[in-house]
Amino acid sequence: MPTADDLIAASRVVALPMRTAFRGITVREAMIFSGPAGWGEFAPFAEYDDAESRVWLAAGIEAAYLGTPDPVRDVVDVNATVPAVPADDVAEIIGRYPGVRTVKVKVAEPGQSLADDVDRVAAARELVPTVRIDANGAWGVEEAIEAIAAIGDVEYVEQPCRTVDELAQVRRAVTVPIAADESIRRSTDPMRVARADAADIAVLKVAPLGGMRALLKVAARLPMDVVVSSALDTAVGMSAGVAAAAALPGLHRACGLGTGAMFGRDVAAPFAVVDGRVEFRSIVPANDLPLASAERTQWWHDRLRRCHSLLVGG
Ligand SMILES: O=C(O)CCC(=O)C1=CC=C[C@@H](O)[C@@H]1C(=O)O
Ligand SMILES: [Mg+2]
């Protein structure tokens, strides 16, 4: 286990501009560091506390010190990710993901109406065969059932409501498959969704699960299809996501690993989507990175130190 000083000495804190605001983020901050096996990323969202962020650090250390698991495939199908933009902007956004056949559309964002969501999903449906939606837990049970009826057939609805029990209730009431994201990503017990029969699909992200190998273990135990998705990772974190997806024995759906297209600037050339797919590569960041301010850099160093002592403390 590297010390916090080792990690900080080999790190950069970057501030990457987004092309379109996503979950309210216009500049994505991330800490990246190099180790004997390559580069790792530590970039829990700003509002996450240390207890939740600890596993994100474990994931970064795995990437930099242990490297990637053995792949079973070279390329991974990805979805385009459409933020809560007006329906008229959907075609331009999907165009940033050449050849995709699956689109994930954000719905139920604050300030948006159900009619906005219906229009945005309809615009996506005209362009690709498969559309999935993500409500990020924003609906209540009744609201979810009504919204799902209004939006119509989709591949699945990701996290319609906040709690596992609510997901289970919605799942019993609708025919559209339900996917769990936050119920796994932000839970101390990722298997609970399975025990509660709350989901048909699991959306798994490397950093919140504590690394590529941890993701593979959770995927092996969950009795449902999985989709590997990014946590709005830089190219360094994305490399771990693509490696995890490439190492999964069974992968039957497009993954949310095309989000490099959302960055105005990344730490290296982003994972290019070609014919709807991305290919694994290890990342060496550019020399002229857009660095965060001295104050923000110090904030990230302090955060890393606190999370590191939680990791060491067990
Ligand atoms: O899954 C995708 O298509 C892209 C990643 C993505 O949507 C997300 C990444 C990180 C945080 C989230 O709010 C969001 C999600 O909820 O899935
Ligand atoms: Mg989600």
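Modeller: Let's start with one pair: the bridge partner of Val157 in E9 is Ile178.

Biologist: Which strands pair there, and in what sense?

Modeller: Strand E8 (residues 157–158) and strand E9 (residues 178–180) pair in the parallel sense over 2 bridges. Two strands pair if DSSP finds at least two bridges between them. Strands (E, at least two residues) and helices (H or I, at least four) are DSSP runs numbered from the N terminus.

Biologist: Before we go on, what kind of model is this?

Modeller: This is a predicted model, where local features need pLDDT of at least 70 and side-chain atom pairs count only at pLDDT 80 or more, while totals for chains, interfaces and linings use all residues. Residues are numbered from 1 along each chain as its sequence is written, and chains are lettered from A and ligands numbered from 1 in the order in which they are written.

Biologist: Thanks! What's the strand order in the open sheet?

Modeller: The order is E5-E6-E7-E8-E9-E10-E11, 7 strands with parallel pairing. Strand E5 (80–82) and strand E11 (225–228) are at the edges with a single partner strand each, so one side of each has no neighbour in the sheet.

Biologist: New topic: which residues are closest to ligand 1?

Modeller: Arg23, Thr81, Lys104, Ser229 and Gly256 are the closest of the 13 residues that surround ligand 1. Near here is defined as a C-beta atom, placed from the backbone, within 6 Å.

Biologist: And by class?

Modeller: The shell around ligand 1 has 7 polar, 4 charged and 2 nonpolar residues. Ala, Val, Leu, Ile, Met, Phe, Trp, Tyr, Cys and Pro count as nonpolar, Asp, Glu, Lys and Arg as charged, and the others, Gly among them, as polar.

Biologist: How are the domains laid out?

Modeller: The domain assignment gives domain 1 (4–66 + 287–313) and domain 2 (75–279); such bounds come from an automatic or database assignment. Their centres, taken over C-alpha atoms, are separated by 23 Å.

Biologist: How many residues are in contact between them?

Modeller: 25 residues of domain 1 are in contact with 24 residues of domain 2, contact being C-beta atoms, placed from the backbone, within 7 Å. On the side of domain 1 that touches domain 2, the largest share, 8 residues, comes from E1. That side divides into 18 nonpolar, 2 polar and 5 charged residues.

Biologist: Last one: what does Ala244 touch?

Modeller: Leaving out residues up to four places away in sequence, Ala244 touches Val206, Met212, Leu215, Leu216 and Val228.

Terms used:
Two residues are in contact if their C-beta atoms, placed from the backbone, lie within 7 Å.
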